[in-house]
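This report looks at how two parts of one chain meet. Please keep the sequence and the structure in view while reading.

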Amino acid sequence: MLPYPHRHLLALQGLEPPYIADLLDLAESYALLNRSGKTQRDLLKGQTLINLFFEDSTRTRTSFELAGKRLGADVINMSVSTSSVNKGETLLDTASTLNAMHCDLLVVRHAQSGAPALLSQKVDAAVINAGDGTHEHPTQALLDALTIRRHKGQLENLTVAICGDVLHSRVARSNIHLLTTMNCRVRVVGPPALLPAEVERLGVEVFHDMKGGLAGADVVMMLRLQKERMAGGLVPSAREYFRFYGLDAAKLAQAKPDAIVMHPGPMNRGVEIDSAVADDPTRSVIGEQVEMGVAVRMAVLDTLSRNTRRNARL
Amino acid sequence: MTPMRDTIFVNARLLDPGAGLDAPGSLLVSRGLIADHGGALGIPEGAEVVECGGAVLAPGLIDLRAALGEPGAEYRETIESAAVAAAAGGITTLCALPDTQPALDDPALLQFVLRRGEATGSLSILPYGAATKGCAGKEISEFGLLREAGAIAFSDGSRAIAEARTMRLALSYARAFGTFVVQHPEEPSLARGGAATEGELATRLGLPGIPPAAEAMMVARDIALARLTRGHVHFAHVSTAAALDLIRAAKAEGLAVTCDTAPPYFDLNETAIGDFRTYAKLSPPLRRDADRLAVVAALADGTVDAIASDHQPADPDDKRLPFAQASAGGTGLATLLGITLARVHGEDLALPDALALLTCRPAKLLGLEAGRLARGAPADLLLFDPERAWKVEAGRLPGKAQNSPFDGRALEGRVLGTWKAGRRVFG
């Protein structure tokens, strides 16, 4: 294994294939370990992991918490209200507080793109981006890749359709970076108003209809459509969105017969995905994504803390 | 107070683009006025001699557009500190934006800024009047009274005058007082919440984008209103090829349309925001390189009437924020000349043409006597070495505000000295 080349995990853009493969291999081994029921290794014993969440998230926070605890770290959850008078001051004030606490691993979620990068310049801890604005969500893409790899045996040459609100999705961006780096054929599918400008320059194919976008796909990845997008007028109504971009059995029939269905959660049933598809055990791997989330986060914590110790020795 | 000694600048390269003068010679200042200049001036008895060593002696620069912290944001910049930075940048006349707190929509406020400018002794500050009350974009302000009080022209500063009807009224009303309206050309409904130019880079960074067309469509609308009203519209910090094409065509049509741009738009492109570098967050946002090149071309072909510093002071706390939350704008006073000279070194502009954009051309636009080396004119002078190298370092710039988008930029062309009405104010 090559030593991971960064102090933090802020983004997948620019991360080279061998490092992604290493993280996925390590995560795979943690997935097996977790299934075997063996936990509480003492790898991170005496290390402090802080979950710093400026935005609500039960799922990701719990996943990091579990990952940290399984590796023996002391895990502290900090939720910072986003309604504070001055969000920015809170961010940097928090950084100095964290330094005083001698935190080793810092997991950050923030509603603003680039906030973890800004924090990483001010804290001594290794920073893990747990989702920043509409920028990136690296561990989500890693867990998605691991889930895909377990089902399809490899990532290379697969066709992955990422569907829905790509514009506001950090999950989509991280997945695009990871999957294109690993030589997947990536498509984005959605109405033009929900696709970011010049997204094709990220190496993806653009579709505005589900029929064409899903044709022959190995993986169908649905994105959450947030209710406020409809309020913002980007989509006229939930029923129109579901009719044309919601995943149901008829649209899924365009994909390969063994295509898997993914969703980063939480789902809006009946908006971007039909319950019949979401709950179909032969197609949906949504539950497994959650399981792989813990394994991937263990691998990331392991890798970064190993890196920090190695750098300390140097 | 002892009477001012005469000063004679010897061995200078006298450069006055407005008069077509570019020749070696001397310049004599007496009682704060330019008394004479030429190739063979004698040195009067008792005069202070400034040996220029072949450096360029030019009119002090006229900055068409700068935001000052006063009144209301003194933590960012004071007029006093802006004057220090301006002197170091060779600027002797500066037009101050009116979108302060409170906005300069009342003659008393305008006179306050004028007095504060006079008190610096180094910088003539010519405030814009607020085009609309409170710069809120609704009702036009008292152009006549503000003009009498010294308003150089009218603008809502960094806010666009959004409603077509309001802009129409402002343009037609300005005609009555022989003045013009400065627009921040950006369609607000397309720019709202935006932090960077829409496109690949903003997509990668996950930043809300502003489409470049937001500029062109406001320019197109206001050109139509200039045609309708026969009023004079001036577009500030124009940054896109599409907008410049429209302005070029409007000028060819003979409409009263003028524009300026600012150094970031011909020296930097959007990649300067890099990994969320908030010092490069500007309004309008930095563009892609094709637009930057179009700005360079528009400087060369005369479409652009002036280069303004577009100085926007910010406090570190305004900038040490996640990118979309950080305030937009960069300092520009100390780097105005150096960045402009980079286009001379890059052979896009001849030195006299570059200097014209900082002196006689904004002077003509504003109807000022300044910006010339004319006998009898106030001795507002700038001495600079076009070749001397220096490096822009945020944190070590003159004045209080340090938020330069050019941090780390190596430049050739340094101000050696600045004189205001014959008195040395820098160097």
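## Domains

Domain bounds here come from an automatic or database domain assignment. For chain A, the assignment gives domain 1 (17-135 + 291-308) and domain 2 (138-289). Taken over C-alpha atoms, the centres of domain 1 of chain A and domain 2 of chain A are 25 Å apart.

This is a predicted model, in which local features need pLDDT of at least 70, side-chain atom pairs count only at pLDDT 80 or more, and totals for chains, interfaces and linings use all residues. Residues are numbered from 1 along each chain as its sequence is written, and side-chain values use heavy atoms, with hydrogens and water left out.

## Contact and buried area

Contact means heavy atoms within 4.5 Å. In chain A, 28 residues of domain 1 are in contact with 25 residues of domain 2.

Buried area is the accessible area (1.4 Å probe) that two parts lose on being put together, summed over both. Between domain 1 and domain 2 of chain A this area is about 2100 Å², and carbon and sulfur atoms give 60% of that. Leu24(A), Thr134(A) and Met292(A) supply 27% of the area that domain 1 of chain A buries against domain 2 of chain A, more than any other three residues.

## Salt bridges

A salt bridge is a side-chain nitrogen of Lys or Arg within 4 Å of a carboxyl oxygen of Asp or Glu. There are 3 salt bridges between domain 1 and domain 2 of chain A. The side chains of Arg150(A) and Glu28(A) also form a salt bridge, at 2.9 Å from N to O.

How values were computed. Chains are lettered from A and ligands numbered from 1 in the order in which they are written.
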